[in-house]
Amino acid sequence: MAETLAFSRGADRKTIYEEMAPQIEALLAGETDVTANLANAAAALKEAFGFFWVGFYLKKEGQLVLGPFQGPVACTRIDFDKGVCGHCYTTKQTVIVPNVDEFPGHIACSSASKSEIVLPLFDATGEVFGVLDVDSDRLDDFSETDAEGLGRIVKIIEAAVRANYVS
Ligand code: SME
């Protein structure tokens, strides 16, 4: 696996998503351990984009349970019908929240978090087995560029871990 990441520091996010997608694919290739792969994916996204918080919640024991992440400590368990993560899980859609204070039921793990994007991770049968959650300490920090760029990376992560994920 690659030991260092190469990306254009200071470039626009679209450019960095394009640079990072193949590197994340290479980073996860050949490793079957789910925790190891999700941990490296979170670290790569944190390093490339400097996100305030980036990590995974995984379907486990009838809830979404905190998985590998980078950033401040976070809430450990989210009910399927709660928060932005639960909304993503139940609707199976990417959710962009420009202002978390205006999202009914938003779960504030940190008062510094201002906007958020959450993407579903699908197993081979089309069921959601987890979500990728990215938080920003700036309002309105996520756009369709992030939905597309992270969406491409989520497909790579799904392919690398879904065969080995046991909820
Ligand atoms: N804000 C999320 C909870 C997870 S933290 O942001 C890390 C939510 O409302 O689901």
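Helix 3 gives the most to the shell around the ligand, namely three residues. Keep in mind that this is a predicted model. Helix 3 spans residues 83-91, and the other elements that give two or more residues to that shell are strand 1 and strand 6, the latter being residues 128-136.

What makes up the shell by class? Eight of its residues are nonpolar, two are polar and three are charged. There are 13 residues around the ligand, and those that come nearest are Val84, Cys85, Ile107, Cys109 and Asp135.

Now the contacts, one at a time. Asp135 has a polar side-chain atom 2.7 Å from an oxygen atom of the ligand. Glu116 also uses its side chain: a polar atom there lies 3.1 Å from a nitrogen atom of the ligand. With Ile107 the backbone is involved, where a polar atom is 2.8 Å from a nitrogen atom of the ligand. How much of the ligand's accessible area does the protein cover? On its own the ligand has 310 Å² of accessible area, and the protein covers 99% of that. The space that the ligand takes is the largest cavity.

Six strands form an open sheet with antiparallel pairing, in the order 3-2-1-6-5-4. Which strands are at the edges? They are strand 3 and strand 4, the latter at 95-97, and each of them pairs on one side only. As a general point, side chains in a regular strand alternate between the two faces of the sheet.

Two of the ligand contacts come back here. Strand 5, residues 115-122, runs antiparallel to strand 6, and eight bridges join them. Which residue of strand 6 is the bridge partner of Glu116? That partner is Asp135. To repeat, the side chain of Glu116 has a polar atom 3.1 Å from a ligand nitrogen, and the side chain of Asp135 has one 2.7 Å from a ligand oxygen.

On to strand 1, at residues 53-60, which pairs with strand 2, at residues 63-70, in the antiparallel sense over six bridges. Lys60 stands opposite Gln63 of strand 2. The hairpin of these strands has two residues between them, and Glu61 takes a positive phi near 50° there.

Strand 2 also pairs with strand 3, residues 77-78, again in the antiparallel sense, over two bridges. Which residue of strand 3 does Leu64 stand opposite? It is Ile78. In this hairpin six residues lie between the strands, and Gly71 has a positive phi near 135°.

To finish, back to the ligand: helix 3, strand 1 and strand 6 are the elements that each give two or more residues to its shell, and helix 3 gives the most.

Notes: Residues numbered from 1 in each chain as written. Predicted model: local features only at pLDDT ≥ 70, side-chain atom pairs only at ≥ 80, totals over all residues. Heavy atoms only, no water. Pairing = 2+ DSSP bridges. Helix = DSSP H or I, 4+ residues; strand = E, 2+ residues; numbered from the N terminus. Near = heavy atom within 4 Å. Polar contact = N/O pair within 3.5 Å; in protein donor to acceptor, adjacent residues only side chain to side chain. Areas by Shrake-Rupley, 256 points an atom, 1.4 Å probe, with all protein chains shown as cover. 1 Å grid on protein atoms, 1.4 Å probe; cavity = no way out; pocket = protein on both sides within 12 Å on 5 of 7 lines; lining within 4 Å. Sits in = over half its atoms within 2 Å of the grid points. Nonpolar A, V, L, I, M, F, W, Y, C, P; charged D, E, K, R; others polar.
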